[in-house]
Each structure stands twice: as C-alpha cells, then as structure tokens.
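Visitor: Please take a close look at a single part of this model and describe how its surroundings are arranged.

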Amino acid sequence: MSFAENLMTLRKQQGWSQEELGSQIKVTRQTVSKWEMGQSTPELEKLVELSKLFDMSLDQLVGLEEAGERPDCVISHHPQRIGTWSCGIIYEYVSPVKVFGLPLIHIRFGFGSRLAKGIIAIGNCSIGVVAIGGCSLGLFSFGGVSLGLLALGGLSLGLAALGGMAVGGFAVGGCAIGQWLAVGGGAFSNYLAIGGGAWSNGLAIGGSAYGNVAVGIHEAEGTFTYLREFGHHVEDVWHTVIEEFPHMWSWVRGAIQWALT
C-alpha cells in the first residue's frame, strides 16, 4: 500500500477529518489532501511526526514494510471490525459508521493519553454520548472518575450520580452530596438527606440526623426533631414534613417509618 493510501486509511481509522489531522502536525487541510491524493509528499520532519502520531515505523508509514510485519503486532480486517489494532499494549477499534462526524463506536485501550471519542466511547479515557472508561465524560458516563448527566463511578459528578463519592442533583454513594436528594453512609443535601449520617437544610433522616426537620434513629437535631426512642407516630411526623415541604416525595414516608420503627 502506498503512503497516500496508508495515510488516508490511518486517518479514517482514527475518525479524524483532514483538518483534524493537519492541526495535530501543524499543516493545512489542503496539504493533507494533496498527500492523500499523491500530489505531494511530506518532508522528513512531517513524516516523523506522522509515524509517531500513528505509532508505526517510517517504513510502515510509507509502504515499504507491511504493518502486519511489525513484531508482536497484528492488524486485523473484518467486515464488522475495520481498523482494529491490537498489539500487547494497545487495542483500538474505530467504527466506520459516523454520526455527526463522530464514530458510532470508538474503543481504545493501552498506554498513552489519547482519548476514545465516539457516540459510544470505551477506553482508558473516553468522551461520548455513552462513555465508559477509567475517566469518562458523557451524557451517560461510567468509570473510575465519571462526569455526565447520569454518572456512575468511584468518583462521579452528574445530575444523577452514583458512586463511592457522588456529587449531583440526585446523589447516591458512600459519601453523597446532592442538591435535591442525597442517600449514603454520609449524606449532605439542600432538600432531603438519608443516611447513616444525614445533614440537610430541609429534611434529614438517618442514624444521626441534622436538619430543619430531623428524624433520627440515635440522634436528631433541628427545628423539628424526632427520635425513635420517643415513640413518635409516623403520621404526626409526616404531617410536619408536608407542612414544611409541600412537594416532598410520597415515598419518603416509608423512609420515616424505617427510621422510627
């Protein structure tokens, strides 16, 4: 395969436009287009940059050596897996199907800081509508560190967040901080907190509860306090809650009953 064909294939496998490739090695889109059409070839400096960018030798890049001859490295072509590259330290798959210029699926695992970017992105670091990885950013995000509308991870930040440490509008986790709802071992919320230790400017329910309305198993402190040992009736507590928070979710009554019985 010639250099021009190699360059076009490698660029498309990465899901880059000619302009995106050019920006990475500081040349124009027109220059990349001429290279791919065989109208010109890069100077040595740019060839070296391209070989580093695509992680291959100069001989492989210019077509003097087949990529499949690289030791311990295999390029596989399959109708459903075009551009899959696995070689001990790297695995990458870029879907040929594009949506709004992004690969439908981009998977990339291995050393290096390059991202997996696609509608569905999976990798060490990933950005996508659905993102899965060690570090992930997406509408739906799952990872060790995740950021998204719905985030699930060891450390998660999102409108709805679930994780060891969760921060969001609605947060569930070992330590949960939520604007409207926090549920966890330690729960902090502006509206409703439920947990072993619950702190809220609104309603707090838990082993130890601190809030405007505090319902506690062992300890409670607030403007209105209710402790299990005093035998409060659930209906009386619920009446106070509704007076203070008219839009409180109905299922919270069950949480109050759990704390008091």
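Guide:
**A tryptophan and its helix**

Leaving aside neighbours within four places in sequence, W35 is in contact with F3, A4, L7, I25, V27, S40, T41, P42, K46 and L50, where contact means heavy atoms within 4.5 Å. This is a predicted model, in which local features need pLDDT of at least 70, side-chain atom pairs count only at pLDDT 80 or more, and totals for chains, interfaces and linings use all residues. Residues are numbered from 1 along each chain as its sequence is written, and side-chain values use heavy atoms, with hydrogens and water left out.

W35 lies in helix 3, residues 29–36. Helices (H or I, at least four residues) and strands (E, at least two) are DSSP runs, numbered from the N terminus. W35 is buried, at a relative accessible area of 5%; buried means under 20% relative accessible area, exposed over 50%, and partly exposed in between, with a 1.4 Å probe and protein chains only. Between the C-alpha atoms of W35 and M8, 27 residues apart along the chain, the separation is 8.8 Å.

The buried residues of helix 3 are V32, S33, W35 and E36. They sit on the same side of helix 3, because they cover an arc of only 160 degrees around the axis; the arc is that of the directions from the helix axis to the C-beta atoms. Their cover includes helix 1 (3–14), helix 2 (18–25) and helix 4 (44–53). After helix 3 comes G38, with a positive phi near 75 degrees.
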